[in-house]
Amino acid sequence: MARGHHDIGGLPGGGPIDQAEHQLSDWEILADAVNQALGAKGIKRTDEMRRAREEMDSAAYRDMTYYERWIASIEAILIEKKILTEDEINRKLAQFESKWGEP
Amino acid sequence: MTAAVDKFKPGDRVKIKFEDRPGHIRTPWYIRGKTGWVERVYGEFLNPESLAFGHDGLPKKTLYLIAFNQSDVWGESATKQDKVLVDIYEHWLEPVA
């Protein structure tokens with residue numbers, strides 16, 4: 001087992017922490033809103049979201065930004081709970097891409 | 001549930017279990033196996049190790065604020081005057097004589 005990819009406290013080589021305020025993108029604010037709405041409706045709990053992030057492929061986890069991890073864990077939990085299917089998500093994504101172009 | 005059922009009280013010396021198992025674990029890796037003391041008893045909370053898998057989180061677990069000397073966590077190069085404070089659930093603690 002050893003430590004998970006999320007559990008990096010005390011590892012050497014991390015460098016200094018960037019404590020500057022981050023400017024959030026619109027989609028990041030939306031990600032937060034979706035997350036809170038799903039929580040308020042009792043569809044998922046914080047611990048489930050954390051567990052989903054811990055179960056991700058480690059290379060993918062490291063490559064993602066903070067809110068990309070949020071979105072990926074929301075997707076994983078909604079699929080796990082059979083609220084959405086991967087197919088439904090991909091179909092919707094294809095619609096957006098044809099309307100707005102590739103992200 | 002009251003403090004009467006809590007296994008530890010402020011000031012008690014405790015050791016964090018060194019367990020390596022799958023699941024959603026709130027006890028950070030760097031603090032496992034380290035010895036500190038109870039700084040505060042927060043009370044009982046639903047168990048996140050159970051909630052993480054869509055279960056009911058019962059039975060509740062007592063959560064403690066545990067303090068460590070920096071040097072006991074990071075070695076002798078650490079600052080002497082500072083502490084490390086970590087929230088740890090009771091089932092991760094064992095008594096130290």
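Which residues does L46(B) touch, not counting residues up to four places away in sequence? I started there and found L51(B), G57(B), L58(B) and K60(B). A contact here means that the C-beta atoms of two residues, placed from the backbone, lie within 7 Å.

**Ground rules**

I am working on a predicted model, where local features need pLDDT of at least 70 and side-chain atom pairs count only at pLDDT 80 or more, while totals for chains, interfaces and linings use all residues. Residues are numbered from 1 along each chain as its sequence is written, and chains are lettered from A and ligands numbered from 1 in the order in which they are written.

I checked the scores next: ipTM is 0.87 and pTM is 0.88. For chain B the mean pLDDT is 93, and 96% of its residues reach 70 or more; pLDDT is the predictor's confidence in each residue, from 0 to 100.

**More on L46(B)**

I placed L46(B) in the loop between β2 and α1 (48–51) of chain B. My element names follow DSSP runs, numbered from the N terminus: helices are H or I with at least four residues, strands are E with at least two.

The cut-offs I use are 20 or more other C-beta atoms within 10 Å for buried, 12 or fewer for exposed, and partly exposed in between, with C-beta atoms placed from the backbone.

I also took the C-alpha to C-alpha distance from L46(B) to I16(B): 20 Å in space, at 30 residues apart in sequence.

**The sheet of chain B**

I traced an open sheet of five strands in chain B, in the order β4-β3-β2-β1-β5, with antiparallel pairing. Two strands count as paired if DSSP finds at least two bridges between them. β4 and β5 of chain B are the edge strands, each pairing on one side only. From one strand to the next the twist averages 45 degrees; axes are lines fitted to C-alpha atoms (for helices over the stretch in contact), and angles run from 0 to 180 degrees between N-to-C directions.

I then went through the bridges:

- β1(B) and β2 (residues 35–45) of chain B run antiparallel and share three bridges; V14(B) faces G36(B) there, and K15(B) is opposite T35(B).
- β1(B) also has three bridges to β5 (residues 93–95) of chain B, again antiparallel, with V14(B) opposite P95(B).
- β2(B) and β3(B) are antiparallel and joined by seven bridges; V41(B) has Y64(B) as its bridge partner, and G43(B) stands opposite L63(B).

**Cores**

I16(B) turned up again in the largest nonpolar core, which has 13 residues. I16(B), Y64(B), I66(B), V86(B), I88(B), W92(B) and L93(B) touch the most other members. Such a core is a set of buried Ala, Val, Leu, Ile, Met, Phe, Trp, Tyr and Cys residues joined through C-beta atoms within 7 Å. Two or more residues each come from β1 (13–16), β3 (61–69) and β4 (83–89) of chain B, and β4(B) gives the most, with four.

I looked at V86(B) by itself: leaving out residues up to four places away in sequence, V86(B) touches P28(B), I31(B) and I66(B).

A second, separate core has five residues, among them A52(A), I74(A), I77(A) and L78(A).

I read chain A as five helices and zero strands. Its C-alpha atoms fill a box of roughly 45 × 30 × 25 Å along the principal axes. Of the 103 residues in chain A, 11% are buried. Among contacts in chain A with a separation of 6 or more, 62% are between residues 24 or more positions apart.
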